[in-house]
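Me: Please walk me through this model, one question at a time.

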Amino acid sequence: MPIRDLIKGNKIFRNESFPDYKKDMDETIKHGQKPEVLFISCCDSRVTPDLMLNTRPGDMFILRNVGNFVPQYKHDEDYHGSAAAIEYAVSVLGVKNIIVCGHSHCGACESLYKDIPNTKELAHVKTWLKLGEEAKAIALKNANFSTKEEMYKETEKNSIKYQLKNLLTYPAVQEKVKNKELIIHGWYYTLEDGTISYYDENSNNFFPLEDLLI
């Protein structure tokens, strides 16, 4: 989308949509944001959390990165953007739910099966993708695929499970989950039709999200 279209889009938003959110925005400005959900999703341009969940300003604290990966907790003086967002959401904002939302046709998961060159231009990408290697290993070990697409889909879902495990390496997350002050969720978003499925740990399977409303 050309920058010019984005400028026009902002004008339309200000004139047509923003008035509907003005009260919500004023409340968050006056009293501070109080989201109950930390939503961890992929940077993929086709994944649109606010649109696909019909949320309003202040509803979700959103962390986006390549592959919706969650690095394990590591206490050092380096820069940890994703970790900082998780800590802020849990320990400062006090969110009640964390959702790790993967999706179909994920470029990060597909890239796990490609040879990423050792170049300066892709140095950080190559390192970051290591966070998906276990999901790839499990997919190759436990399943028999007819197509590459099936293999990618299995890897995408395995990755969600693995990132949930990584979340529990964060002291505050672990403590709040243990005390039932925080619930973590694994969701899988299908680009083709907009549906979402959730991960059920007991059965180790994914089911339609709408089933939770029954």
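Reply: Helices (H or I, at least four residues) and strands (E, at least two) are DSSP runs, numbered from the N terminus. The model is predicted: local features need pLDDT of at least 70, side-chain atom pairs count only at pLDDT 80 or more, and totals for chains, interfaces and linings use all residues. Residues are numbered from 1 along each chain as its sequence is written, and side-chain values use heavy atoms, with hydrogens and water left out.

Me: In which helix is the place of Ile3?
Reply: Ile3 is exposed, with a relative accessible area of 59%; buried means under 20% relative accessible area, exposed over 50%, partly exposed in between (1.4 Å probe, protein chains only). The helix that holds Ile3 covers residues 3-31 and is H1.

Me: Which residues make the nonpolar surface patch of about 490 Å²?
Reply: Patches are made of residues with over 30% relative accessible area and no salt bridge; like charges are joined within 9 Å, nonpolar side chains (Val, Leu, Ile, Met, Phe, Trp, Tyr) within 5 Å. Accessible areas come from the Shrake-Rupley method with a 1.4 Å probe, and for residues only the protein chains shown count as cover. The patch of about 490 Å² consists of Met1, Ile3, Leu6 and Ile7.

Me: In what order do the six strands form the open sheet?
Reply: Strands of a sheet pair through backbone hydrogen bonds, either parallel or antiparallel. Here two strands pair if DSSP finds at least two bridges between them. The pairing in this open sheet is mixed, and the order is S2-S1-S3-S4-S5-S6.

Me: Which are the edge strands?
Reply: An edge strand here pairs on one side only. From one strand to the next, the twist averages 30°. The edge strands are S2 (60-65) and S6 (205-208).

Me: What is the bridge partner of Ile99 in S4?
Reply: Strand S3 (residues 97-103) and strand S4 (residues 183-189) run parallel and are joined by seven bridges. In S4, Ile99 is partnered by His185.

Me: What is the bridge partner of Tyr198 in S6?
Reply: Strand S5 (residues 196-200) pairs with S6 in the antiparallel sense, over four bridges. The hairpin of S5 and S6 has four residues between the strands, and Asn204 takes a positive phi near 55° there. In S6, the partner of Tyr198 is Phe207.

Me: At about what angle to S2 does helix H3 run?
Reply: Axes are lines fitted to C-alpha atoms, for helices over the stretch in contact, and angles run from 0 to 180 degrees between N-to-C directions. Helix H3 (residues 81-92) lies across strand S1 (37-42), S2 and S3. Its angle to S2 is about 170°.

Me: Where does Asn54 lie?
Reply: Most residues other than glycine have a negative phi, and most peptide bonds are trans. Asn54 is not a glycine, yet has a positive phi of about 55°. At 69% relative accessibility, Asn54 is exposed. Asn54 lies in the loop between helix H2 (49-53) and S2.

Me: Where does His105 lie?
Reply: His105 also is not a glycine and has a positive phi of about 55°. With a relative accessible area of 42%, His105 is partly exposed. His105 lies in the loop between S3 and helix H4 (107-111).

Me: Which residues does Asn65 touch, not counting residues up to four places away in sequence?
Reply: Asn65 lies in strand S2 and is buried, at a relative accessible area of 7%. Contact means heavy atoms within 4.5 Å. On that count Asn65 touches Ser41, Cys42, Cys43, Ser82 and Trp128.

Me: What N to O distance is found in the salt bridge of Asp24 and Arg56?
Reply: A salt bridge is a side-chain nitrogen of Lys or Arg within 4 Å of a carboxyl oxygen of Asp or Glu. The side chains of Asp24 and Arg56 meet in such a pair, and the N to O distance is 2.5 Å.

Me: How many residues apart are Asp24 and Arg56?
Reply: Asp24 is partly exposed at 24%, and Arg56 is partly exposed at 35%. Asp24 is in helix H1 and Arg56 in the loop between H2 and S2, so the pair links distant parts of the chain. They are 32 residues apart.

Me: Is Asp44 buried or exposed?
Reply: Asp44 forms a salt bridge with Arg46, with the closest N and O atoms 2.7 Å apart. Arg46 is partly exposed, with a relative accessible area of 43%. Asp44, at 14% relative accessibility, counts as buried.
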